[in-house]
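Trainee: I am new to this structure. Please take a single part, look at it closely, and then show what surrounds it.

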Amino acid sequence: MVQRQLPMFPEGSTEVTHDLAFEKREGRVTYFYGTLPVFSHDENDDASFQMITAQFYTNGYVKQMDIVRAFGVTPISVKRAVKRFKEQGVQGFYAEKKTRGAAVLTDDVLLQAQQLLNGGQEPYDVADQLGIKRDTLRKAIRAGRLQSTEKKRKR
């Protein structure tokens with residue numbers, strides 16, 4: 001009689017490697033290393049998924065292609081997660097995303113620009129005076145963020 005050696009995974013789990021498996025049950029994903037559950041997260045928690053798979057790779061438990069095959073993710077997404085894990089650690093997956101604000105056309109700049117435009121100045125003169133690109137000012141006028149008294153030129 002053939003006897004299976006450890007590790008033995010719970011029924012219904014999917015093997016990633018000989019030592020690592022995962023199981024989806026009731027909206028949760030649980031990872032098993034050997035016979036022990038080592039991590040669990042909600043099925044829709046992408047940050048935790050990326051963090052734990054990057055950690056498994058970094059610790060040498062899996063190859064990147066094992067993750068790609070087992071979970072159906074793209075190779076580049078695994079590479080990006082590994083890079084983030086190596087550079088920022090676990091907190092890199094849960095940190096608030098950095099977003100840019102209004103870098104050039106702040107409320108103060110918009111107010112100054114509108115006052116100059118209301119004073120009859122041409123948009124390109126206003127842009128030069130405020131030290132912003134002419135296209136930036138034109139786009140703001142086109143988007144309705146600024147009102148111009150610019151006259152149509154005859155062709």
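Mentor: A helix here is a DSSP run of type H or I with at least four residues, and helices are numbered from the N terminus. The model is a predicted one. By that definition, Gln64 lies in helix H2. Gln64 counts as buried because its relative accessibility is 19%, and the cut-off for buried is under 20%. Apart from neighbours within four places in sequence, Gln64 is in contact with Tyr57, Val78, Lys79 and Val82.

Helix H2 (64–71) also belongs to the surroundings of the largest pocket, together with strand S2 (20–25), strand S3 (28–33) and helix H1 (46–58): each gives two or more residues to the lining. The pocket has a volume of about 160 Å³. Its lining includes Phe22, Lys24, Tyr31, His41, Phe49 and Phe71. By class, seven lining residues are nonpolar, one is polar and three are charged.

Next comes the sheet. S2 and S3 belong to an open sheet of four strands, in the order S1-S2-S3-S4, with antiparallel pairing. Strands of a sheet pair through backbone hydrogen bonds. At the edges are strand S1 (14–15) and strand S4 (36–42), each pairing on one side only. Two bridges join S1 and S2 in the antiparallel sense. Phe22, one of the residues lining the pocket, is the bridge partner in S2 of Thr14. H1 packs on the sheet and touches S2, S3 and S4, and the direction of H1 makes about 150 degrees with that of S4.

Methods. Residues are numbered from 1 along each chain as its sequence is written. This is a predicted model: local features need pLDDT of at least 70, side-chain atom pairs count only at pLDDT 80 or more; totals for chains, interfaces and linings use all residues. Side-chain values use heavy atoms; hydrogens and water are left out. On a 1 Å grid over the protein atoms alone, a cavity is a set of points where a 1.4 Å probe fits but cannot get out, and a pocket is an open set with protein on both sides within 12 Å along at least five of seven lines; lining residues have an atom within 4 Å of a point. Grid points are joined across faces, edges and corners, and a volume is the space filled by probe spheres set on the points. Ala, Val, Leu, Ile, Met, Phe, Trp, Tyr, Cys and Pro count as nonpolar, Asp, Glu, Lys and Arg as charged, and the others, Gly among them, as polar. Buried means under 20% relative accessible area, exposed over 50%, partly exposed in between (1.4 Å probe, protein chains only). Contact means heavy atoms within 4.5 Å. Two strands pair if DSSP finds at least two bridges between them. Axes are lines fitted to C-alpha atoms, for helices over the stretch in contact, and angles run from 0 to 180 degrees between N-to-C directions.
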